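Please look through the sequence and the model below before reading on. The paragraphs that follow go from the whole chain to its sheet, then to some helices and a loop.

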Amino acid sequence: MPSRELTPAQARDALLPETPASFAPSTVDEQQQLGALVDTLVTNARTDRELEDAPARARALGFHVEAWQVGDQRFWALLEAPEARRGAGAYVVRVGPATTGAEIVLQAPHTFYDLGTGDIAARLFFSSSAGAHVRALFVNTAHRYGGPRQAPPPGEHSDSDLCHITDHVFQDATRAAAEAVGATIVVQLHGFSDAPELPEAILSSGQREASSPLVHALSRELEPVLGKVRRYPEDIAKLGATTNTQGKLLAGYPDARFVHIELSAGTRDRLRDSDELMADFGEIALADRDLDGERIEHAPDADADVPRGAGAGEGAAPAPER
Ligand SMILES: [Zn+2]
C-alpha cells in the first residue's frame, strides 16, 4: 500500500480530481463490495487494526488505498485507480480511536457543480484543528450532470447525481459509515447561486415537516459568522434537500443525523478567501456535539497546565537548573 506524507494542501489536491471523470455506473455488486470496504476502513481506523486485505480488495474493484500522514494525523484514502476513473467517488477516513460523542462524516457530493464545496470540505477536514471525531470525508468524482442519460442542467434527473440516485457507491459508503460508527452526523456541503431573496446559508435536516435540534444549534451559531442563515422549513421554503437520497437513508437510522448546508456563491468565495472565516466556520460546522447539537465539553488535557518539572509523579521531568 502506498504511503505518503502530505501537507494539508497536497492532501486536498490528491483527493480532488482537477477534471471530472466521465461517468459510468457501477454494478450493484461493485457498490456493495465498495461499501463493505468503507466499512472495513472505518471500523479498523476506530479500533486500531491494520487494513489486512483491504488494498487487494480495492484493487480488484478498480480502486486503490493509500495511507496518508498529514501533520500528526493519519488517513486512509480509497481512491479510483487512475486508469479506472468512472465517477464512483473518493472516500477518506481519519485513523484514530473511536471518540465518545457522535462522529462526523463530511460530504461534498457536487464538487464540480456547487463550485468550491470540495475545496472547503477538504480544507476543513485536513486542517490540524479538525477533531478526532471528524471521521471521514466523501466526495464525488464525476460531474453532477456528467452521465450519459440526463436532463440538461438544472434538470431533474441525472444518473451521475449521487444525491438523487440510490444505486451509487456513495450511498453504500454512507450506509457503511453510519453502521460502523453508530452515533453519526453526516454534514453535506452544497452551494446555490446568489439571489437577493436568498440568505448566505440554508440548513436543513432533509425533512419536510421540521428541521432538527442539531440544525437549530448550527444555524444559531453560524449566523454571527456567515450572516443571514435560514432553516428549512422553519424560515424558508427552498433548498430543503427533501429528495436527497443520503438524507432519506439516514432518516432510517435512529442514531444518525443529516445536516444539509447550502452556501451562497458569495459565502463560498469569502470562506476560501479568509483562513480566519474558514476556521470559524469549521469550528462550528464540525464541532464535537451530541446528536441534538449540544457541544461536548472537553476536560482540559490533564498534562497541559502542569509546568514541566512541577509534578512529583513518576516520569516528571527534572526541574531545569537556573
Ligand atoms: Zn448540491
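Which residue in S6 does valine 105 stand opposite? Valine 105 faces alanine 136 of that strand, and the strands S5 and S6 pair in the parallel sense over five bridges; two strands are said to pair if DSSP finds at least two bridges between them. Strands of a sheet pair through backbone hydrogen bonds, either parallel or antiparallel.

This is a predicted model, in which local features need pLDDT of at least 70 and side-chain atom pairs count only at pLDDT 80 or more, while totals for chains, interfaces and linings use all residues. Residues are numbered from 1 along each chain as its sequence is written.

The protein chain holds nine helices and ten strands, where helices (H or I, at least four residues) and strands (E, at least two) are DSSP runs numbered from the N terminus. Of its 322 residues, 46% are buried; a residue is buried if 20 or more other C-beta atoms lie within 10 Å of its own, exposed if 12 or fewer, and partly exposed in between, with C-beta atoms placed from the backbone. Among contacts between residues at least 6 apart in sequence, 72% join residues at least 24 apart, a contact being two residues whose C-beta atoms, placed from the backbone, lie within 7 Å.

Ten strands form an open sheet with mixed pairing, and their order is S1-S2-S3-S4-S6-S5-S7-S10-S8-S9. Its edge strands are S1 (3-6) and S9, each of which pairs on one side only, and the twist averages 20° from one strand to the next.

Two helices can be followed across strands of this chain. Helix H2 (residues 28-46) lies across S2 (63-70), S3 (73-80), S4 (90-95) and S6, and runs at about 15° to S4; here axes are lines fitted to C-alpha atoms, for helices over the stretch in contact, and angles run from 0 to 180 degrees between N-to-C directions. Helix H6 (residues 213-226) lies across S7, S8 (201-204), S9 and S10 (256-264), running at about 165° to S9.

H6 has 14 residues and reaches 20 Å from its first C-alpha to its last, close to the 20 Å expected at 1.5 Å a residue, the expected span being 1.5 Å times one less than the number of residues. Its buried residues are Leu214, Val215, Ala217, Leu218, Ser219, Leu222 and Leu226, and what covers them includes S7, S8, S9, S10, H8 and H9. Just after H6, glycine 227 takes a positive phi of about 100°.

Helix H4 (residues 117-125) is mostly covered, with eight of its nine residues buried, including Thr117, Gly118, Ile120 and Phe125. The cover over the buried residues of H4 includes helix H1 (8-15), strands S5 (103-108), S6 (134-139) and S7 (184-192), and helices H8 (265-273) and H9 (275-285).

The loop between S9 (229-231) and H7 (245-250) contains proline 233, which a cis peptide bond with omega of about 0° joins to tyrosine 232. Leucine 239 also lies in the loop between S9 and H7 and has a positive phi of about 55° although it is not a glycine; leucine 239 counts as partly exposed because it has 18 C-beta neighbours inside 10 Å. Alanine 241, found in the loop between S9 and H7, has a positive phi of about 60° although it is not a glycine, and alanine 241 is buried, because 24 other C-beta atoms lie within 10 Å.
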